[in-house]
Amino acid sequence: MSTDRWLHLDGTANTRDLGGLPTTDGGTTASGQVLRSDNLQDLSPADVHRLVAEVGVTEVVDLRTTAEILLEGRGPLRDVAAVTHRHFGLLPERGHRTDVFAAELDDEELRAQLPAGWGESVLPRQVGPGDEAEPPAVRSYLGYLTDGTDQVVGALRSLATGGPGAAVVHCAAGKDRTGVVCALALAVAGVDHETIVADYALTAEVIDGVVARLAATDTYAEDMARPVEQHTPRAETMRRVLELVDQRWGGPLGWLEQHGFGPDDQAALRARLR
């Protein structure tokens, strides 16, 4: 797959455009509409100018947990009035939707009142019946589709209704949570499974930079203390997930329809991505 969709920024390692991918009806996905990325906390002033003034970014869809956002602090794009931020955490969190975590994330008074251990707020995910033999990454991605259903649909609906500017969807590394949401979005746009798999696996080209960035932070350093090969996305992971989605829900569109993302939502997202 062509790698000319990369945006080489000072403050990220894994930012690329979802445009330029072939669709099953002979078309292509539109450039400059949806970008996928790793964490945006370290964007330089030049990065912010490029994303806002040149690319035309007006929306950020953040898939990280509340704890990640609080630990990492405000990113530079949050200071840009023209950019809307929307949060759809795909991992189940302790205290989700409680008064503490519903408050404004940049409220310093709130931060002072957070309970001890709030940073360990992510709950263990249950393995679905019949999934015990699947590789860990496959189990995790299936978990987004079963435990994080509302958040996945919310993120896709945000992409469908956004614009006319561009959106950036991201998590920490830009490969797992972002990979699943982008896989569903591309399926709606009419991209075939193998092209979706190839786009997912493209992160392997920059995984050294992704791991180095996260390892340099207090938030992610401990999770990065494994060989880089263990963080590298593999094509067979997404291929297996799509195979199981086909078997269980009749494909990505079937999963979406069964979880409230119907024909109108799909048409809006397709229009934005085509």
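Colleague: Which residue in strand 5 is the bridge partner of L35?
Modeller: In strand 5, L35 has V168 as its bridge partner, where strands (E, at least two residues) and helices (H or I, at least four residues) are DSSP runs numbered from the N terminus. Please keep in mind that this is a predicted model, in which local features need pLDDT of at least 70 and side-chain atom pairs count only at pLDDT 80 or more, while totals for chains, interfaces and linings use all residues. Residues are numbered from 1 along each chain as its sequence is written, and side-chain values use heavy atoms, with hydrogens and water left out.

Colleague: In what sense do strand 2 and strand 5 pair, and over how many bridges?
Modeller: They pair in the parallel sense, over four bridges, and two strands count as paired if DSSP finds at least two bridges between them. Strands of a sheet pair through backbone hydrogen bonds, either parallel or antiparallel.

Colleague: In what order do the five strands sit in the sheet?
Modeller: The order is 1-2-5-3-4, in an open sheet with mixed pairing. Strand 1 and strand 4 (84-87) are the edge strands, each of them pairing on one side only. Helix 1 (residues 45-55) packs on this sheet and touches strand 2, strand 3 (57-62) and strand 5, with its direction at about 125° to that of strand 3. Such angles run from 0 to 180 degrees between N-to-C directions, the axes being lines fitted to C-alpha atoms, for helices over the stretch in contact.

Colleague: OK, zooming out, how many helices are there, and how much of the protein is buried?
Modeller: The protein has 12 helices and five strands, and buried residues make up 50% of its 274 residues. Here buried means under 20% relative accessible area, exposed means over 50%, and partly exposed lies in between (1.4 Å probe, protein chains only). Among contacts (heavy atoms within 4.5 Å) between residues at least 6 apart in sequence, 75% join residues at least 24 apart.

Colleague: Switching topic, how many salt bridges does a search of the whole structure find?
Modeller: The search finds 16, counting a side-chain nitrogen of Lys or Arg within 4 Å of a carboxyl oxygen of Asp or Glu. One of them joins R213 and D42, with the closest N and O atoms 3.0 Å apart. R213 belongs to helix 9 (residues 207-215) and D42 to the loop between strand 2 and helix 1, so this pair ties together parts that are 171 residues apart in sequence. R213 counts as buried at 17% relative accessibility, whereas D42 counts as partly exposed at 45%.

Colleague: And what about D131, which residue does it form a salt bridge with?
Modeller: D131 forms one with R248, and the closest N and O atoms there are 2.5 Å apart. This pair links distant parts of the chain, since D131 is in the loop between helix 4 (108-113) and helix 5 while R248 is in helix 10, 117 residues apart. D131 is buried, with a relative accessible area of 6%, and R248 counts as partly exposed at 36%.

Colleague: Where is D38 found, and is it buried or exposed?
Modeller: D38 is found in the loop between strand 2 and helix 1, and it is buried, with a relative accessible area of 0%. Leaving aside neighbours within four places in sequence, D38 has contacts that include T12, N14, H170 and V210.

Colleague: Last one, which residue caps the N-terminal end of helix 8?
Modeller: D192 does, with a side-chain oxygen 3.2 Å from the backbone nitrogen of E194. The buried residues of helix 8 (residues 193-201) are T195, I196, V197, D199 and Y200, and these buried residues pack against strand 1 (16-17), strand 2 (34-37), helix 5 (136-147), helix 7 (177-189) and helix 10 (235-249).

Colleague: Which peptide bond is cis?
Modeller: The bond from G163 to P164 is cis, with omega near 10°, and P164 has its place in the loop between helix 6 (149-161) and strand 5 (166-170).

Note on methods. A polar contact is a pair of N or O atoms within 3.5 Å; within protein, one must be able to donate a hydrogen and the other to accept it, and residues adjacent in sequence count only if both atoms are side-chain atoms.
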